[in-house]
Amino acid sequence: VDEVSIDPTTRQEAILFFRIAAYRYGRGSIQITTERGFEWPAVLAGREVLATAILDPLLNQSQTLGAA
């Protein structure tokens, strides 16, 4: 998933992103790229509960890489 934080999402887009993350959990990897830091709830249409639900499986066995 490229450039997650470029534009805020609509409610429907946030739910679709959750569905992708939930589907991929336990099946394979998911790579998320962004050029800047961001606040998950703000990007996901202000839905803090949804942001937490997405982050839990994503961060469970994750590896975070930063710019050098």
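Of the contacts in the chain that link residues at least 6 apart in sequence, 74% join residues at least 24 apart, where contact means heavy atoms within 4.5 Å. The model behind these numbers is predicted, so a few ground rules come first: local features need pLDDT of at least 70, side-chain atom pairs count only at pLDDT 80 or more, and totals for chains, interfaces and linings use all residues. Numbering runs from 1 along each chain as its sequence is written, and side-chain values use heavy atoms, with hydrogens and water left out.

As for confidence, pLDDT is the predictor's own score for each residue, from 0 to 100. The mean pLDDT of the chain is 78, and 88% of its residues reach 70 or more. Among the elements, helix 1 has the highest mean pLDDT, at 85, while helix 2 (residues 40-43) has the lowest, at 76. Where pLDDT is low, predicted coordinates should not be read in detail.

The overall layout is quick to describe. The chain has 3 helices and 0 strands, and its pattern along the sequence reads α-α-α. Helices (H or I, at least four residues) and strands (E, at least two) are DSSP runs, numbered from the N terminus. Of the 68 residues in the chain, 18% are buried; that word stands for under 20% relative accessible area, with exposed meaning over 50% and partly exposed anything in between (1.4 Å probe, protein chains only). The accessible surface of the chain comes to about 5200 Å², and 51% of this belongs to carbon and sulfur atoms. Such areas come from the Shrake-Rupley method with a 1.4 Å probe, and for residues only the protein chains shown count as cover.

Next comes the inside. The largest nonpolar core has 9 residues: A14, F17, A21, W40, L44, L50, A51, I54 and L58. A core of this kind is a set of buried Ala, Val, Leu, Ile, Met, Phe, Trp, Tyr and Cys residues joined through side-chain atoms within 4.5 Å. Helix 1 (11-24) and helix 3 (48-60) each supply at least two residues of this core, and helix 3 gives the most, with 4. In soluble globular proteins, nonpolar side chains tend to be buried together.

Setting aside neighbours within four places in sequence, A14 is in contact with T9, L44, L50 and I54. L58, found in helix 3, counts as buried because its relative accessibility is 15%. Beyond residues up to four places away in sequence, L58 touches A21, I30, I32 and W40. The C-alpha atoms of L58 and S29, 29 residues apart along the chain, are separated by 9.1 Å.

D56 also lies in helix 3, but this residue is exposed, because its relative accessible area is 54%. Between the C-alpha atoms of D56 and A22, 34 residues apart along the chain, the separation is 10.0 Å.

P8 sits in the segment before helix 1 and is exposed, with a relative accessible area of 61%. Even so, P8 is in contact with E13, A42 and V43, leaving aside neighbours within four places in sequence. Its C-alpha atom is 6.3 Å from that of A45, 37 residues away along the chain.

Finally, the rings. The charged end of R27 sits over the ring of Y23, 4.1 Å from its centre; this label requires NZ of Lys or CZ of Arg within 6 Å of the ring centre and within 35 degrees of the ring normal.
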